[in-house]
Amino acid sequence: MPPSSTAVRKTVEAYLGRHPGERDALAELLGALDRPVDTTARTTLPEHVTCSAVVIDRQGRVLHIRHRATGGLILAPGGYIEPQDRTLLAAAVREVTEEAGIPPDALCLTRQLLGSPIDIDVHGIDASPSKGEPAHRHYDVRYAFYLSGEEPPTIALQDEEVSGAQWLPQPEVTSPTLRAKLLAAGLDGLPEPVNTSALIHDFTDRPTSPRVTRSDPLLRCPVRINQPPQLSSRQGMLPVYEEWLAKQVPFPHFGQCKVLPCPEQASSPLGLCHRHITHYERDRKPGGARPAANWARWIVTRNKPVPIEYADRSLFERWCRETGLANRANGQVSLLGLRPLVKAEIKWALFQHGNNPTEGMIWPLVWVQYLIDDCRDQRVDSLADIDQGNCRRLSRLLLFGMLNSLRQVYFTRDDTKEAGFIETDHFGVRFASCHSHIDLTPISQRWLRDLIWDMFANRLLTDPPKSRSPFDMSRRACAELSAYLEAQAPGGGHDPTVLTASHMEGFVADQRHRAEHGLPMLRRRLTKNGAPGIVTKCIQSATFNGARRVLRFGLDSGDAERLGLDRRFALALPGGDMRTGRRRPFPDVLARAVANQQNLERLEESDEDDRGIRDIWETQVLTGRRGKEVREVRLDCISRLNGVPLFWHDQTKVGNLDEAIRIPERLYLRLEQRQKKTIDRYIQRVGHPPTPQERSQIALFPRRTSNRQLLKSVSYKWFLKLFRTWLETLDVGHGVPHQARHTLATKLLKAGANLTQIKRYLGQISAVMAEHYVHIANTDSELNDALNSVWVAGPGAAQPGLALTSGKPMTRAEAEALAIDLSRKSTPAEGGFCTFQAVVDGQARPWNMDCHNCDKFVMSGADLVYWHRKREQWHAMAEGASDSATADYLHDIFEPTARAIDGLEKALEAVGLLDETLALDLRRPQEYFGRVWATAFRAQELAQHQTDGTAA
């Protein structure tokens, strides 16, 4: 039932005893308390009582939340009193628990106020016709609390009533009356011993019999808790309690709890804390230990130690040794009972994990205590000695991380070589999302293990790779080679001097056989689903390349010669063919399916945590960015420049978020909504909106785990899993997200963009990447028709400069018969290409190297700029001739080439390629992938198709 009017009056009178000047302001409340009405019910009008909690953290800041019912006003947590609230104090704590998610045991009363309110505020409430409430007054009783922990607890807002939370310094508190009282009281945020949850759960205003925290031995005394002072109902509770408390003297304590790992103080003569007393009774009191009857009187009246009787003392002591902690949810772990070294190791590992600049896996204290208990039970001296098979699964998860941090303490760089592993941290290198430890023990031959260790060390010192992939490839390859040598080579391959080329040839044949028939690997490496790894063509190539890299390093460094390894053994290992297929866009059916609005809604529904998978996918489709460039954008990834919506991302693959691309308005609005969701999630986590600096670091698409500050983006693994599941439900065939990028490139080509423009738009650093799209240009039917429609005779033709087709295009069969695939059947020559196969194959040029008059010489549109320069040179020579006859002779010599150049210009203009041709800069290699290089024809063969009236 709610607090009575008498209880409310006592609270108000105690408050007025400290603030007598406010009696007039509270006169109407005191009058209402004299009437037979429930002043705590919200239906009591024209006034009723409410409660608020003034929560103060260690920095002296006060918690404020934004209430939806007040139109977004920032106030302290609080609200109406419910029927289950036995006291006003209970109502205040319930409100802060409901609205901010702070549990009662995270709060402490202040020493200055204890259970008395810090402020009673009177404010008017406007009429609410929708609720049927007239204008009325609230008497808000406000209680002050400290946080019991060092760090503020996680804020979990009640979305129905609250939209945000923040911690404000006391001078910035929004209520003027509360602000004045806070500054006058000098509340610094340091916690006090009395725990508010104990007072509230006793459902009484008597602070004489609380459950109190362990920080005050006097208040924890079981003798005094069972013998509270007798207080008159008319007396003030708190002054009498404080007076009684000041007169007490401490009794001798019972020492620490006898249960080996328990850090608590004993609360009975048995030497057990109150929780272990309960456990002891639940276990039917092994050993039959019990104190003397009325043992409290022995302490109060006799001041003597309490005698203990045992049925079997050794059995009781054994129970104390073998019993674990009674309670693990108290924010601490117990290292009691551990041997010194393992205790120091656990402390060091916890320190390292807590101070790691990159947030790692959460280590719940319960898991840490499990590991400590396992170490205590096994009586190990070091974490390295623990039997993981007899540990809890959660203990093993933490043990892996702790051992990783300890290796860098126990092992030097040279020690790791002897032990069979390498630590990248010893070289100042840490790969993203990877541990420092690289295990080399699967390589059983010491000479091979040392060789790969030396190669890794040399690479880490001189030129560290961007990722750990090259190291993993070589490590797995050498492990496979090691397994083969162990089974097939003399002595298991441990003596490098007996290895010959035939042993390596046998390894190569074995790997090819396994790849051909889909057999498992020699090393029996299991995949994530528990199945053995299968050798594929790709894995075979990676194995050859990885092992070859290590052996070639041994040859170059001289280690192979020092080991006595036959050079032919290393050279017998071929390189693997790691060529990948061409980039292919989405088929039309699949492209339409993955862009369909209904299908996109199904993709969004699969994202149960609302991490933004649909937003990621639509951004990839509309911008053509790489998946990583989209997933890892920051919160401030969109902006407007002169009204144009822009998308900022990292196009360099090294974390520089300095590239912007124009995006459609609808995508901008979608990403803007995603920003709001991420900001709300951040406020819910930390209790305040992000600052400008924090906005530049927060991920727009934050991952769910190990991401308290929302700095880490969702992973590719998470995205790909949901994408593949979604694609299977569409039943439109196989596809991968990266094909969206190639689909966009194809659309741009068909729209008339050249490969230089596509390279720049897609952010391709290497010009080699643009070559993947050349085949698209060559297979574009519209472009081929245009290029095959109009061509001119070159300088080696019978009639240079003549158009070789009429208004009617050639048939495709004719064009295919004449077209030349320059990528396979030609070699560059001055001003064009030579298609004479003897020369292409590397032989000497015939006919005194007169290419321009050879029928095997071809020209493409890309040669136009070259011939323009030649024509200018020829004109200059003719104009500078000594006489007119010589000038006429030179003009006659150059005239066929001049006609060919003029005809080529007209032909290129007809197909719309002239401007692109004239804009070519032949000093830039990427220009060689433009459309004007795509096709070329022999001038003499084209001349055979000339018809009447087709002069240029």
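In what order do the three strands of the open sheet stand, and is their pairing parallel or antiparallel? In this predicted model, the open sheet has the order 13-14-15, and its strands pair in antiparallel fashion. The points below take up this sheet, and then a pair of packed helices.

**The sheet and the helix across it**

- Strand 13 (638–641) and strand 15 (659–662) stand at the edges with a single partner strand each, so one side of each has no neighbour in the sheet.
- On average, and with direction ignored, neighbouring strands of this sheet are turned by 40° against each other.
- Strand 13 and strand 14 (residues 644–649) run antiparallel and are joined by four bridges, and Ser639 stands opposite Leu646 in strand 14.
- Helix 25 (residues 665–686) lies across strand 13 and strand 14, and its direction makes an angle of about 135° with strand 13.

**The pair of helices 17 and 18**

- Helix 17 (residues 501–517) packs with helix 18 (residues 537–557) at an angle of about 160°, and their axes are 8 Å apart.
- Because angles over 145 degrees count as roughly antiparallel, helix 17 and helix 18 are described as roughly antiparallel to each other.
- The crossing in which helix 17 passes helix 18 is right-handed.
- Residues of helix 17 including Met504, Phe507 and Arg512 meet residues of helix 18, among them Lys537, Phe544 and Leu551.
- Sorted by class, this contact of helix 17 with helix 18 has six nonpolar, three polar and three charged residues.

Terms used:
Residues numbered from 1 in each chain as written. Predicted model: local features only at pLDDT ≥ 70, side-chain atom pairs only at ≥ 80, totals over all residues. Heavy atoms only, no water. Pairing = 2+ DSSP bridges. Helix = DSSP H or I, 4+ residues; strand = E, 2+ residues; numbered from the N terminus. Axes fitted to C-alpha atoms, helices over the stretch in contact; angles between N-to-C directions. Contact = heavy atoms within 4.5 Å. Parallel < 35°, antiparallel > 145°, perpendicular 65-115°, else oblique. Left-handed = near helix turned anticlockwise from the far one by under 90°. Nonpolar A, V, L, I, M, F, W, Y, C, P; charged D, E, K, R; others polar.
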